[in-house]
Amino acid sequence: MANERLFGPKTRIGLASVYHFADWQNPTAAELNENPTNDLTGSKWDLSCALDLDNTTFDLGDSETDDELSFCQTAGAQNPTDYNPEVAFTAFMSKDRYIVSDPSTRDQANTAFALLFARGVEYYAWMSRGKEPGEPFAIGDRVSLVRVITDYGVPEIGTGSNAKLTSTLGFRTEILWNYTVAA
């Protein structure tokens, strides 16, 4: 019990190709369990162990609102119109990050680098809380999906700290928040 409070909830987080899900509004446990080895030739990747806990963001920000009033509404009424997810991944960089084609040097850090360093690539960013990274998804698990597009990754390199790459991901209108996996 004390470890859960000290270290926070168990979280899995990663990316999936925009073509990975047959129906992105109803992802299945089988689809979420594909590519457990994080092979770059796959279409879904668990990047949990490569992402910096303090600098990675996967939140639902304040909604945009419609503040226009009709004669029937009370003063100050606001109607939410659009969600504003905030997704930014900060990945640790591996010393072998430029050798992503060599399977013997592949790890989550250089997989994250390969997926996030370029601009203009669309993915579904996904996050699930309650299980350890690498644990399989099951019916009843909750997952959030946000369609995003990459921007150029920004390296963070400093004396005495780990080298990292931060990619602030742009929102592309499709969002599925806290979906309960049904199949």
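Select Asn38 to begin: with a relative accessibility of 7%, this residue counts as buried, because the cut-off for buried is under 20% relative accessible area. In this predicted model, Asn38 is found in the loop between helix 2 (29–33) and strand 2. Its phi is positive, about 60°, although Asn38 is not a glycine.

Next, select Asn178, which lies in strand 8. Here too phi is positive in a residue other than glycine, with a value near 55°. Is Asn178 buried or partly exposed? At 40% relative accessibility, Asn178 counts as partly exposed.

**The whole chain**

The protein chain has three helices and eight strands, and along the sequence they follow the pattern α-β-α-β-β-β-α-β-β-β-β. Of its 183 residues, 39% are buried. Among contacts with a separation of 6 or more, 70% are between residues 24 or more positions apart.

Colour the chain by pLDDT next. The mean is 83, and 78% of the residues reach 70 or more. Select residues 1–6, where pLDDT stays under 50. For this stretch the model has two contacts beyond four places in sequence.

Select residues 11–17, which form strand 1. Six of its seven residues are buried, so the strand is largely enclosed by the rest of the structure. Which residue of strand 5 is the bridge partner of Ile13? The partner is Met127.

In soluble globular proteins, nonpolar side chains tend to be buried together. Show the side chains of Leu15, Phe58, Val87 and Phe89: of the 23 residues in the largest nonpolar core, these touch the most other members. The elements that give two or more residues to this core include strand 1, helix 3 (108–116) and strand 8 (164–180). Helix 3 gives the most, with four residues.

Centre the view on Phe58. Beyond its neighbours within four places in sequence, Phe58 is in contact with residues including Ile13, Val87, Phe89, Met127 and Trp177. A second, separate core holds 14 residues, among them Phe21, Trp24, Val143 and Leu145.

**Aromatic pairs**

The last stop concerns the aromatic rings, which form six pairs. Select Trp45 and Tyr123: their ring centres are 6.1 Å apart and their planes stand at 90°, so the pair is edge-to-face. Trp45 belongs to strand 2 and Tyr123 to strand 5, so this pair ties together parts that are 78 residues apart in sequence. Both Trp45 and Tyr123 are buried.

Move to Trp126 and Phe137, whose ring centres are 5.7 Å apart with planes at 75°, so this pair is also edge-to-face. Trp126 sits in strand 5, while Phe137 sits in the loop between strand 5 and strand 6, 11 residues apart. Trp126 is buried with a relative accessible area of 0%, and Phe137 is buried with 6%.

Finally, select Phe21, Trp24 and Tyr124, which ring pairs link into a cluster.

Terms used: Residues numbered from 1 in each chain as written. Predicted model: local features only at pLDDT ≥ 70, side-chain atom pairs only at ≥ 80, totals over all residues. Heavy atoms only, no water. Buried < 20%, exposed > 50% of the residue type's maximum accessible area, 1.4 Å probe, protein only. Pairing = 2+ DSSP bridges. Core = buried A, V, L, I, M, F, W, Y, C linked by side-chain atoms within 4.5 Å. Contact = heavy atoms within 4.5 Å. pLDDT = per-residue confidence, 0-100. Phe/Tyr/Trp six-rings, centres within 6.5 Å; stacked < 30°, edge-to-face > 60°.
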